[in-house]
Amino acid sequence: MDQDPAPPSRRQIVFEPRALEQAHAAFASSSQQFEGWLQIEIHKLAAARAAVDPAGLTGETAAALRRRAHDLTGLGTTCRFPIVTRLARSLQRLLLDPKNAGSVPIFLIDGHVRAIQAAVRDKIRDARKPVAEVPPPDYGPGQYAPEQHAPGPYAADPYAPAPYAPPYQ
C-alpha cells in the first residue's frame, strides 16, 4: 500500500540549483532597470504636483498626488531606496483625507517632492547616509536660532519648516 504524502506543513520545498540561479540572474538583470522605473514614477509625481492650481489643492489633484505617492511607496524599497518609501508614505498620509486637501500647505507638498527627487538624484538610499542626517548648526551670538521665534500655525507638525534661516556657511 502506498504511503500518504506528508501534510503540507511538513513538506520540504526543494529548489533546483539551476532554477535558483536563473531567478537570481533575472532579478540582477531587471535591477538595472529599477532606477529607470523609479525616475518614471518621480516624473509622474512632479507632473501631478505641476497640475496643482496655485490657489491650492482640490480633491482631484490631491487624489492624483496621493496615487503617485502610493506608487512610490511600493517602488522605493523595491528599487533599494527605502528613504523614498518613507518620504512617499509621509506625503501619502498628508493627502489621505480629500475633504481636508485644501488645508495642506503647498510648501509641504513641494518639500516632499523635492526630497524624493534629491534622494534618487544624489543616491541617498536611507537615512544612514551622512547627507540624509544634517547635524544642527552651532549658533553663535547674534545668529539665527529657531527657538527665538514664536511658533507658527504648524508648530505641532514635525514637517513644518522653521522660519527663514540664512543658508549654512
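Visitor: What percentage of the contacts in the chain with a separation of 6 or more is accounted for by residues 24 or more positions apart?

Guide: This is a predicted model, in which local features need pLDDT of at least 70 and side-chain atom pairs count only at pLDDT 80 or more, while totals for chains, interfaces and linings use all residues. Residues are numbered from 1 along each chain as its sequence is written, and side-chain values use heavy atoms, with hydrogens and water left out. Contact means heavy atoms within 4.5 Å. Among contacts with a separation of 6 or more, the share from residues 24 or more positions apart is 63%.

Visitor: How many helices and strands are there in the chain?

Guide: Both are DSSP runs numbered from the N terminus, helices being H or I with at least four residues and strands E with at least two. From the N terminus on, the order of elements is α-α-α-α-α. The chain therefore has, under that definition, five helices and zero strands.

Visitor: How is H2 oriented relative to H5, roughly parallel or roughly antiparallel?

Guide: Axes are lines fitted to C-alpha atoms, for helices over the stretch in contact, and angles run from 0 to 180 degrees between N-to-C directions. Helix H2 (residues 34-50) packs against helix H5 (residues 106-121) at about 160°, the axes being 11 Å apart. Angles under 35 degrees count as roughly parallel, over 145 as roughly antiparallel, 65 to 115 as roughly perpendicular and the rest as oblique. The orientation of H2 to H5 is therefore roughly antiparallel.

Visitor: How many nonpolar, polar and charged residues has the contact of H2 with H5?

Guide: Residues in this contact include Leu-38, Ile-42 and Arg-49 of H2, and Ile-109, Asp-110 and Val-113 of H5. Ala, Val, Leu, Ile, Met, Phe, Trp, Tyr, Cys and Pro count as nonpolar, Asp, Glu, Lys and Arg as charged, and the others, Gly among them, as polar. By class, the contact of H2 with H5 has nine nonpolar, two polar and two charged residues.

Visitor: How far apart are the axes of H2 and helix H3?

Guide: Two packed helices are described by the angle between their axes and the distance between the axes. For H2 and helix H3 (residues 59-78) the angle is about 160°, which makes H2 roughly antiparallel to H3. The axes of H2 and H3 are apart by 9 Å.

Visitor: Which residues is Thr-61 in contact with, leaving aside its neighbours within four places in sequence?

Guide: Thr-61 lies in helix H3. A polar atom of the Thr-61 side chain lies 2.9 Å from the backbone nitrogen of Thr-58. Leaving aside neighbours within four places in sequence, Thr-61 is in contact with Ala-51 and Val-52.

Visitor: What is the phi of Arg-80?

Guide: Most residues other than glycine have a negative phi. Arg-80 is found in the loop between H3 and helix H4 (82-94), and at 43% relative accessibility Arg-80 counts as partly exposed. Although Arg-80 is not a glycine, its phi is positive, at about 65°.

Visitor: What distance separates the C-alpha atoms of Pro-105 and Gly-56?

Guide: Pro-105 is in the loop between H4 and H5, and at 12% relative accessibility Pro-105 counts as buried. Pro-105 and Gly-56 are 49 residues apart along the chain, and their C-alpha atoms are separated by 7.9 Å.

Conventions. Buried < 20%, exposed > 50% of the residue type's maximum accessible area, 1.4 Å probe, protein only. Polar contact = N/O pair within 3.5 Å; in protein donor to acceptor, adjacent residues only side chain to side chain.
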